[in-house]
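Subject: Structure handover

Hello,

Here is the structure I promised to pass on. Please open it alongside these notes.

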Amino acid sequence: MAKPKKTSRPKAETPKGFRDYFGAEVTQRADMLRKIATVYHRYGFDALESSGVETVEALGKFLPDVDRPNEGVFAWQEDSVSDKPGDWLALRYDLTAPLARVYAQHRNDLPTPYRRYAMGPVWRNEKPGPGRFRQFYQCDADTVGAPSVAADAEICAMLADCLEEVGIGRGDYVVRVNNRKVLNGVMEVAGVLDPSDPNQFASERGVVLRAIDKLDRLGLEGVRALLGEGRKDDSGDFTHGAGLTDAQADVIMGFMQAKRHSGTDTIARLRELVGASATGLEGVNELETIADLMSAGGYGPDRIEIDPSVVRGLGYYTGPVFEAELTFEIKDDKGRVRNFGSVAGGGRYDDLVKRFIGQEVPATGVSIGVDRLLAALHAKGRMSSQEEGPVVVTVMDKARMADYQAMVTELRTAGIRAEVYLGNPKNFGNQLKYADRRSSPVAVIAGGDEFDSGMVQIKDLILGAKIAQSATLEEWKDRPSQYEVPRGELVAKVRDILESSR
């Protein structure tokens, strides 16, 4: 008789390109989102929470890649109804495309301009890599219905304020600003954009945009390769290039290296590069206006600067584009020193809503990569990888559980994070090990003797750990880490320990 097959157990592992978040990571992200939302709200933006799923039709040609319906996104087709095929649905890949759908759908009920911010996870069906995941958080703010570049300038100022609000100091970041119209003018000069037939060379221009957007990662040589025949990366994967001639590539490379020591000189150089292109000249004038507005608002080039190398990879930008770069150095996984890089970006996308209503609606916005920003604060040593745990009320006598619950209730009512140990209380040492694993600052200890005398033992776990690490025997005796106090002074003593440790 054949033995019955054992039921295979599923592997307990996250899907490739995804990860789990624990404790401090979750609470620190929530705190960062709160700080950013405070700045957005201060600037007059309202909160919006849209669906995590959109129709592929609504996302349309603005998918990251368009060779097949689910390229670049996680998509699926609903079941057909009768003879009608089901709709293609996709997890949102950013928070901007859903905003266009929301505004088109609810525009009669929304003010104009409509200023909104949104926060939440987005999903990209792309090749994962070190620090590059398929699910990540974004934190966006957008103005819909304002054609003036003053709206773009305001977004840049707000982005700078957000970075400082979360702890990135001046000198450690710069918001870099460019304009897609300028690049379009340069592409006219290079012969890869015909204003009379915008669809011609569209594929080549898409490759050019993505190549320039990878400048910080690939360097000038890598971008030059992508402008030509293509490039093979370290893993052996080959990326096809735009197929430009050497002369065409020279024009594009000249644009990328147009930055000068001052914004005024950079703008003058861009005027030379766009030649007689009307679109290019319009973009240069808009950059000049943004620079003037920033200067008037007190945002100098140390915080916001004109930089032609910024293009942004997505295809829906139509005017000014901007990117926040952190300028301090870190070591990568291989020990190499490099700048931290970009943590936020955005720009103007006047054509996005037009797809739904047939009318051009001006819009501009920014998206902050929250996980990248958290990683930056950890790299700068401005955020601990471990948060302070709760006060742990240990259990010496299971029959007195009601008394222990009364203690923890008092602590919580006083605003102190606390919990009763709910494991097996038989081994007291295990309770202290549990408190240590929770990074608990204080343990509360009370057995029969303490209850009879109306006292309670309070152990300062932070000070105890410090003493154990470095103190001499004499210092150990002089600096006790455990105190006996009257039961009525429980909350006051715990609060005193917590405040002295911060």
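The cavity search on this predicted model gives one cavity of 30 Å³ or more. The volume of the largest cavity is about 40 Å³. Which residues line the largest cavity? They are Arg124, Glu126, Lys127, Pro128, Arg132, Phe133 and Arg134. By class, five of the lining residues are charged and two are nonpolar. The lining has no polar residues.

Next, the core. The largest nonpolar core holds 78 residues. Tyr40, Val175 and Leu373 have the most contacts inside it. Helix H4 (residues 149-165) supplies the largest share of this core, with ten residues. As background, nonpolar side chains in soluble globular proteins tend to be buried together.

Setting aside residues up to four places away in sequence, Tyr40 touches Phe45, Tyr117, Met119, Cys139, Asp140, Ala141, Met158, Cys162, Val366 and Ile368.

Now a charged residue. Is Glu325 buried or exposed? Glu325 has 16% relative accessibility, so it counts as buried, the cut-off being under 20%. Glu325 sits in strand E11 (residues 320-331). Its side chain makes a polar contact with the side chain of Arg176, at 3.0 Å. Beyond neighbours within four places in sequence, Glu325 is in contact with Asp172, Tyr173, Val174, Arg176, Asn339, Gly341 and Ser342.

Gly341 turns up again with Arg217. The C-alpha atoms of Arg217 and Gly341 are separated by 8.9 Å. Along the chain, these two residues are 124 residues apart. Arg217 belongs to helix H7 (residues 215-227). With a relative accessible area of 58%, Arg217 is exposed, because exposed means over 50%.

Last, Leu498. This residue lies in helix H18 (residues 490-500). Leu498 is buried, at 7% relative accessibility. Which residues is Leu498 in contact with, leaving aside neighbours within four places in sequence? The contacts are Glu388, Ile416, Pro441 and Val442. Asp460 is 38 residues from Leu498 along the chain, and their C-alpha atoms are separated by 8.8 Å.

To look at on screen:
- the cavity lining, including Phe133 and Pro128
- the side-chain contact between Glu325 and Arg176
- Tyr40 with its contacts, among them Met158 and Cys162
- Leu498 with its contacts, among them Ile416 and Val442

Best wishes

Conventions
Residues are numbered from 1 along each chain as its sequence is written. This is a predicted model: local features need pLDDT of at least 70, side-chain atom pairs count only at pLDDT 80 or more; totals for chains, interfaces and linings use all residues. Side-chain values use heavy atoms; hydrogens and water are left out. On a 1 Å grid over the protein atoms alone, a cavity is a set of points where a 1.4 Å probe fits but cannot get out, and a pocket is an open set with protein on both sides within 12 Å along at least five of seven lines; lining residues have an atom within 4 Å of a point. Grid points are joined across faces, edges and corners, and a volume is the space filled by probe spheres set on the points. Ala, Val, Leu, Ile, Met, Phe, Trp, Tyr, Cys and Pro count as nonpolar, Asp, Glu, Lys and Arg as charged, and the others, Gly among them, as polar. Helices (H or I, at least four residues) and strands (E, at least two) are DSSP runs, numbered from the N terminus. Buried means under 20% relative accessible area, exposed over 50%, partly exposed in between (1.4 Å probe, protein chains only). A polar contact is a pair of N or O atoms within 3.5 Å; within protein, one must be able to donate a hydrogen and the other to accept it, and residues adjacent in sequence count only if both atoms are side-chain atoms. Contact means heavy atoms within 4.5 Å. A nonpolar core is a set of buried Ala, Val, Leu, Ile, Met, Phe, Trp, Tyr and Cys residues joined through side-chain atoms within 4.5 Å.
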